Amino acid sequence: MIRLTSHNTKFMGADSPLEQADWVLVGMPYDGTCSYRPGTRFAPNAIREASWGLENYSPFLDLDLEQVAYCDAGDVELPFGNRDEVLGRIKIAAQDVLSQSKHWAGLGGEHLVTYPVIEAYLEAYPDLAVVHFDAHADLREDYLGEPLSHATVMRRIVDIIGPERLLQVGIRSGPKAEFDWMRQHRTLMTSQEEFQQRLSAWKDRPVFVTVDLDVLDPSIFPGTGTPEPGGLSFIELQQWFALLKGVNIVGFDAVELSPPYDASGVSNIVAAKAVREILLLAAYPHMQRADSQGHLTQAVL
Ligand code: MN
Ligand code: MN
């Protein structure tokens with residue numbers, strides 16, 4: 001078990017004991033490969049603090065976190081400056097969560113932190129597919145010669161899952177070669193109808209959802225290292241998210257919040273609310289199963 005630092009401030013009502021939790025929130029405060037402006041290392045705690053202003057109930061989804069057994073395990077302790085050791089520790093932490101038949105709810109950190117988590121997930125779910133929300137394609141072969149960077153993370157993930165198991169939403173920035181690749185492999189969703197169709201073709205396949213929060217427009221989410229104008233409004237993000245209702249989400253993360261760039265603190269709240277929504281959607285199939293059996297208990301959840 002990799003060492004975790006736990007904080008007094010936890011995400012919302014994340015007070016289930018670890019043993020009883022189905023979902024485990026884990027912070028990964030790493031920003032070592034950021035290509036422009038660092039600061040995402042401060043995101044996990046900023047999300048936790050901002051979450052206290054949120055309700056458990058989502059009117060948009062008609063789902064309530066009261067029905068979800070989740071805990072906040074704190075942050076993975078990371079040795080800044082040693083990227084490979086950072087990635088190794090995150091992978092061990094994810095393996096540990098999965099070995100207990102629990103689900104990973106990751107709080108980045110920069111987007112590279114998703115890669116070791118997907119590596120761990122493939123050991124537990126060999127047919128894993130990935131849904132990727134982002135302004136950026138993150139499909140570069142390397143960034144300034146580095147194969148492991150937040151600008152290459154989806155390329156590294158495609159290397160191990162293949163392009164047919166990737167769907168991308170919101171991408172609006174990248175070199176032409178990345179857009180040519182997305183068109184060739186049909187990974188970039190151009191409409192919600194297409195997204196719905198492609199998701200339904202996956203049926204019960206286990207899905208990991210990685211949300212780079214810069215998919216949102218900088219006008220509502222300026223707190224990020226590489227803001228990209230022309231992004232989604234929050235309600236649009238919720239509409240895309242809602243199409244995941246019923247999908248077999250087995251893990252997720254939210255990355256690239258960089259609190260120092262938004263003095264108002266609103267970006268932290270936006271990030272916390274996005275985490276609440278995706279956590280509700282991820283837990284939803286379990287809630288439903290409990291309902292149909294007529295007993296909704298913590299043990300079942
Ligand atoms: Mn991005
Ligand atoms: Mn990204």
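**Figure 1. Arginine 156 and its burial in the predicted model.** At 9% relative accessibility, arginine 156 counts as buried, because buried means under 20% relative accessible area. Salt bridges with shared partners join Glu141, Arg155, Arg156 and Asp159 into one network in this predicted model.

**Figure 2. The salt bridge between arginine 156 and glutamate 141.** The closest N and O atoms of this pair are 2.9 Å apart. Arginine 156 lies in helix 4, whereas glutamate 141 lies in the loop between strand 7 and helix 4, so the pair ties together parts that are 15 residues apart in sequence. Glutamate 141 is partly exposed, with a relative accessible area of 44%.

**Figure 3. The salt bridge between glutamate 141 and arginine 155.** Here the two side chains meet with an N to O distance of 3.1 Å. The pair links distant parts of the chain, 14 residues apart: glutamate 141 in the loop between strand 7 (129–133) and helix 4 (153–161), and arginine 155 in helix 4. Arginine 155 has 14% relative accessibility and therefore counts as buried, whereas glutamate 141, at 44%, is partly exposed.

**Figure 4. The salt bridge between glutamate 277 and arginine 276.** The side chains of glutamate 277 and arginine 276 meet at 3.0 Å, N to O. Both residues, glutamate 277 and arginine 276, are buried.

**Figure 5. Salt bridges across the model.** The count of salt bridges comes to 15. Among them are the pair of arginine 156 with glutamate 141 and the pair of glutamate 277 with arginine 276.

Conventions: Residues are numbered from 1 along each chain as its sequence is written. Chains are lettered from A and ligands numbered from 1 in the order in which they are written. This is a predicted model: local features need pLDDT of at least 70, side-chain atom pairs count only at pLDDT 80 or more; totals for chains, interfaces and linings use all residues. Side-chain values use heavy atoms; hydrogens and water are left out. A salt bridge is a side-chain nitrogen of Lys or Arg within 4 Å of a carboxyl oxygen of Asp or Glu. Helices (H or I, at least four residues) and strands (E, at least two) are DSSP runs, numbered from the N terminus. Buried means under 20% relative accessible area, exposed over 50%, partly exposed in between (1.4 Å probe, protein chains only).
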